[in-house]
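Subject: Structure for your review

Dear colleague,

Please find the structure below, together with its sequence. I would be grateful if you could read the notes that follow with the model open beside them.

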Amino acid sequence: MFLKMISQILLVTIPTVVVAVTAILVIRQMLKKDLEAKKIQIVLENQKTITPLRLQAYERIILFLERISPNSVIIRLQTPNMTVQELHRQMLITIRAEFEHNLSQQLYVSSEAWEATRNAKERTIQMLNMCLQGLNSMDNAMVYSQAVFEKLIEIEKSPTQEALELLKKEVRNLF
């Protein structure tokens, strides 16, 4: 009698447990798929916001690199009665100010792009300092400008050109 009662309980309990476990597994799977779908939706919505910001950051860094190229800086800053020392100092101040103005852009670009940007700035400053050697600081700024232009002709690519190429390549890979 006891065995018969246990067998009847098992006959009722086992199918119930199987159904309950199956239901739990199915619900868990559905919730997991729903969570994944929500994550994908959030990522897509974030992309709609982040992609334009990233593109703007690349644009600003490219503009920064164009603005700190020695050709551009000399044309913007040189005045007729400026000395070598004054032009050099103004160029360094301008390059550093431009860089500081664009520091926040590193948040939106790759580490490689930001490193190339920083290196371009530093190598441009080094080149400008190198061109200053052997010049009289009180000479007309045209002497310094000529030395800078000659150095640019001498090297294959300016530091800013190298960084610009890397940035443009990255932007092309985004789309």
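The notes below go from the chain as a whole to individual residues.

Please bear in mind throughout that this is a predicted model.

Overall form

The secondary structure of the chain consists of six helices and zero strands. The C-alpha trace spans about 115 × 25 × 25 Å along its principal axes. The radius of gyration of the chain is 32 Å, whereas a compact globule of 175 residues would have a value near 16 Å.

Of the 175 residues in the chain, 30% are buried. The accessible surface amounts to about 12,100 Å², and carbon and sulfur atoms account for 61% of that surface. As for contacts between residues at least 6 apart in sequence, 77% of them join residues at least 24 apart.

The aromatic cluster

Which residues do ring pairs link into a cluster? They are Phe 64, Phe 99 and Trp 114. Two aromatic pairs were found when the whole structure was searched.

One of these pairs is formed by Phe 64 and Phe 99, whose ring centres are 5.9 Å apart; their planes stand at 50 degrees, so the pair is classed as tilted. Phe 64 belongs to helix H1 (residues 2-68) and Phe 99 to helix H3 (residues 84-101), so this pair ties together parts of the chain that are 35 residues apart in sequence. Phe 64 has a relative accessible area of 2% and is therefore buried. Phe 99, with a relative accessible area of 10%, is buried because its value is under 20%.

Phe 99 also pairs with Trp 114, at 5.4 Å centre to centre. The planes of Phe 99 and Trp 114 are 25 degrees apart, and this pair is stacked. Why is the angle between those planes counted as stacked? Planes under 30 degrees apart are placed in that class, and the 25 degrees of this pair therefore qualify. Trp 114 lies in helix H4 (residues 111-132) while Phe 99 lies in helix H3, so the pair ties together parts that are 15 residues apart in sequence. Both Phe 99 and Trp 114 are buried.

Two further buried residues

Ser 145 is located in helix H5 (residues 141-154). Is Ser 145 buried or exposed? Its relative accessibility is 2%, so Ser 145 counts as buried. Setting aside neighbours within four places in sequence, Ser 145 is in contact with Ile 74, Gln 78 and Leu 87.

Ala 116 is found in helix H4. The relative accessible area of Ala 116 is 18%, and the residue is buried because that value is under 20%. When neighbours within four places in sequence are left aside, Ala 116 is in contact with Ala 163 and Leu 166. Between Ala 116 and Leu 25, which are 91 residues apart along the chain, the C-alpha atoms are separated by 51 Å.

Yours sincerely

Note on methods. Residues are numbered from 1 along each chain as its sequence is written. This is a predicted model: local features need pLDDT of at least 70, side-chain atom pairs count only at pLDDT 80 or more; totals for chains, interfaces and linings use all residues. Side-chain values use heavy atoms; hydrogens and water are left out. Helices (H or I, at least four residues) and strands (E, at least two) are DSSP runs, numbered from the N terminus. The radius of gyration is taken over C-alpha atoms; the globule rule is 2.2 Å times the number of residues to the power 0.38. Buried means under 20% relative accessible area, exposed over 50%, partly exposed in between (1.4 Å probe, protein chains only). Contact means heavy atoms within 4.5 Å. Accessible areas come from the Shrake-Rupley method with a 1.4 Å probe; for residues, only the protein chains shown count as cover. Rings of Phe, Tyr and Trp (its six-membered ring) pair if their centres lie within 6.5 Å; planes under 30 degrees apart count as stacked, over 60 as edge-to-face and the rest as tilted.
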